[in-house]
Amino acid sequence: MDLATAAALMVPGDLSLDELVRRPSWHRGAACRGRGTAVFFPSPGDSLAAARAVCADCPVQAECLSTAVADPGLQGFWGGTSERDRRMIRREGRTPGGTGAGRARLSDRATA
Ligand code: SF4
């Protein structure tokens, strides 16, 4: 029996496997899907260039960023932003996604 079949038998209601593992439906289109997670959880001081490059071409970046900004406890690089970037977005009350100028101000260094 495959995992999806097993999950369908064990989960009441209409929960999908994505819901079961708490991945929103937009994640199906994520550019990072199937990639390793190391680049999205860098050590302090590491460059975020690789993560930014993946996110820059992601078709669901807006959804990802909105989700990440709405969850202050979320760690790592999401929606093209570091934790520090998202704190700045919340502090400034900016709309996730912002403008090109706003995004250009975001740091390129990982911070805890
Ligand atoms: S924006 Fe980045 S972290 Fe978010 S789903 Fe896309 S590739 Fe993954």
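From the N terminus on, the elements of the protein run α-α-α-α-α-α, a total of 6 helices and 0 strands. Helices (H or I, at least four residues) and strands (E, at least two) are DSSP runs, numbered from the N terminus. This is a predicted model, in which local features need pLDDT of at least 70, side-chain atom pairs count only at pLDDT 80 or more, and totals for chains, interfaces and linings use all residues. Residues are numbered from 1 along each chain as its sequence is written.

**Overall fold**
- Of the 112 residues in the protein, 17% are buried (20 or more other C-beta atoms, placed from the backbone, within 10 Å of the residue's own).
- Among contacts (C-beta atoms, placed from the backbone, within 7 Å) with a separation of 6 or more, 54% join residues 24 or more positions apart.

**Ligand shell**
- The ligand is surrounded by 13 residues (C-beta atom, placed from the backbone, within 6 Å of it), and the closest are Ala30, Cys32, Cys55, Cys58 and Cys64.
- Two or more residues of this shell come from each of α3 (49-56) and α4 (61-69).
- The shell comprises 10 nonpolar residues (Ala, Val, Leu, Ile, Met, Phe, Trp, Tyr, Cys and Pro), 3 polar (the others, Gly among them) and no charged ones (Asp, Glu, Lys and Arg).

**Glycine 76**
- Glycine 76 is located in the loop between α4 and α5 (83-92).
- Not counting residues up to four places away in sequence, glycine 76 touches Phe40 and Phe41.
- Proline 42 is 34 residues from glycine 76 along the chain, and their C-alpha atoms are separated by 7.3 Å.

Conventions: Two residues are in contact if their C-beta atoms, placed from the backbone, lie within 7 Å. A residue is buried if 20 or more other C-beta atoms lie within 10 Å of its own, exposed if 12 or fewer, and partly exposed in between; C-beta atoms are placed from the backbone.
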